[in-house]
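The following exercises are intended for a reader who meets this structure for the first time. Each task is followed by a solution in steps.

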Amino acid sequence: MSIKKVEAVISAPPFHMVGDGFRVHNFIPGRYSMERMSPFIMLDYGSKHYFPPTDKPRGVDVHPHRGFETVTIAYKGKVAHHDSAGNSGIIGEGDVQWMTAASGVLHKEYHEENFSRQGGDFQMVQLWVNLPAKFKMSQPKYQEITNDTISKVSLENNEGVVEVIAGEYQQVKGSAETFTPVHLLNSKLNKGGKATFNFPANYNTFIIVLEGSVVLNETSNVDYNCMAVFSNEGTDFSIEAKEDAIVLVLSGEPINEPIYAHGPFVMNTRDEIIQAFNDFQNGKFGTLN
Ligand code: MN
């Protein structure tokens with residue numbers, strides 16, 4: 001066993017709005033590039049924020065994606081999704097939407113209607129997971145992963161629970177199907193609770209603290225709404241909760257291919273990006289009202 005060292009602890013950058021419904025802090029790409037964090041090429045964190053009641057649900061209107069997957073994890077509030085592949089769904093607290101855009105979809109993302117009418121706290125993570133070249137033009141797909149279907153590992157001595165969204169934890173497999181090795185572990189630790197993790201040294205690995213505050217490897221403090229990135233040496237680390245805490249742990253095998261990204265498209269070459277814009281303009285992503 002060798003310790004995976006903490007390379008950086010990063011406070012949430014100033015928020016920006018995506019549409020009028022997603023008030024997000026962009027953690028990736030930022031100090032760390034898409035290549036360094038691959039396969040995690042984008043992460044927008046919607047820190048907890050109260051949205052007042054409205055009759056017109058806030059969100060992001062119809063837009064395209066190609067070449068990767070969008071993963072939305074709801075922590076507070078409810079998110080509705082519709083796409084041009086005919087998939088739609090509503091996720092609430094603890095649920096996950098895993099949309100494989102691949103060859104291309106149009107979709108729209110909104111606060112759910114009842115949530116909008118009542119108003120309330122909203123907190124979410126949106127992650128983009130890259131696809132290797134051989135799957136970038138595969139069929140779009142949609143996985144709705146409700147919290148009751150997510151495998152859960154109870155830690156000893158009532159220290160907490162690790163929800164295995166994807167990948168595995170202590171031999172328990174996650175619910176999501178992924179194209180490359182990806183671990184997404186939502187860790188709910190009780191005050192004083194400690195969990196240990198083990199990932200290959202070359203996997204890009206980081207955490208986001210969504211509730212409470214924690215200590216990594218008994219040395220590095222990570223506060224509420226902060227991110228910590230681990231180095232690509234060593235395999236093992238620990239997270240200890242200073243108070244009741246929720247920590248999203250992400251680790252994935254890097255996809256060592258060129259990345260050419262522009263707006264909502266992430267491909268391998270400039271020509272493929274131009275093709276994506278042409279296909280979008282020529283209606284090849286389907287239709288969505
Ligand atoms: Mn989108």
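The model is predicted.

**Exercise 1. Classify Ala102 as buried or exposed, and describe its backbone.**

Step 1. The relative accessibility of Ala102 is 0%. A residue counts as buried under 20%, and therefore Ala102 is buried.

Step 2. Ala102 belongs to the loop that connects strand 9 (96–100) with strand 10 (105–111).

Step 3. The phi angle of Ala102 is near 45°, which is a positive value in a residue other than glycine.

**Exercise 2. Carry out the corresponding analysis for Asn217.**

Step 1. Asn217 is located in the loop between strand 20 (214–216) and strand 21 (220–222).

Step 2. Its phi is near 50°, again positive in a residue other than glycine.

Step 3. With a relative accessible area of 16%, Asn217 is buried.

**Exercise 3. Identify the residues that coordinate the manganese ion, and state where two of them lie in the chain.**

Step 1. The donors are His63 (NE2), His65 (NE2), His107 (NE2) and Glu109 (OE), at 2.1 to 2.5 Å from the ion.

Step 2. Along the sequence, these donor residues follow the spacing H-x1-H-x41-H-x1-E.

Step 3. His63 in strand 5 (residues 59–65) and Glu109 in strand 10 are 46 residues apart, and this pair links distant parts of the chain.

Step 4. His63 has a relative accessible area of 16% and is buried. Glu109 also counts as buried, at 9% relative accessibility.

**Exercise 4. Determine how many cavities of 30 Å³ or more the structure holds, and describe the lining of the largest cavity.**

Step 1. There is one cavity of 30 Å³ or more. The volume of the largest cavity is about 40 Å³.

Step 2. The largest cavity is lined by Thr70, Thr72, His81, Gln97, Met99, His107, Glu109 and Gln126. Of these, His107 and Glu109 are also donors to the manganese ion.

Step 3. Strand 6 (68–76), strand 9 and strand 10 each contribute at least two residues to this lining.

Step 4. By residue type, the lining comprises one nonpolar, six polar and one charged residue.

**Exercise 5. Describe the surroundings of strand 14 and name the strands that pair with it.**

Step 1. Strand 14 spans residues 160–166 and is mostly covered, with six of its seven residues buried.

Step 2. One partner is strand 13 (residues 151–154), which pairs with strand 14 in the antiparallel sense over four bridges. In this pairing, Val153 stands opposite Val162.

Step 3. The hairpin of strand 13 and strand 14 has five residues between the strands, and Asn157 in this hairpin takes a positive phi near 55°.

Step 4. Another partner is strand 17 (residues 182–189), antiparallel to strand 14 and joined to it by six bridges. Here Glu163 stands opposite Asn186 in strand 17.

Key: Residues numbered from 1 in each chain as written. Predicted model: local features only at pLDDT ≥ 70, side-chain atom pairs only at ≥ 80, totals over all residues. Heavy atoms only, no water. Buried < 20%, exposed > 50% of the residue type's maximum accessible area, 1.4 Å probe, protein only. Pairing = 2+ DSSP bridges. 1 Å grid on protein atoms, 1.4 Å probe; cavity = no way out; pocket = protein on both sides within 12 Å on 5 of 7 lines; lining within 4 Å. Points joined across faces, edges and corners; volume = space filled by probe spheres on them. Nonpolar A, V, L, I, M, F, W, Y, C, P; charged D, E, K, R; others polar. Donors = N, O, S within 2.8 Å, 3.2 Å for Na, K, Ca; no water.
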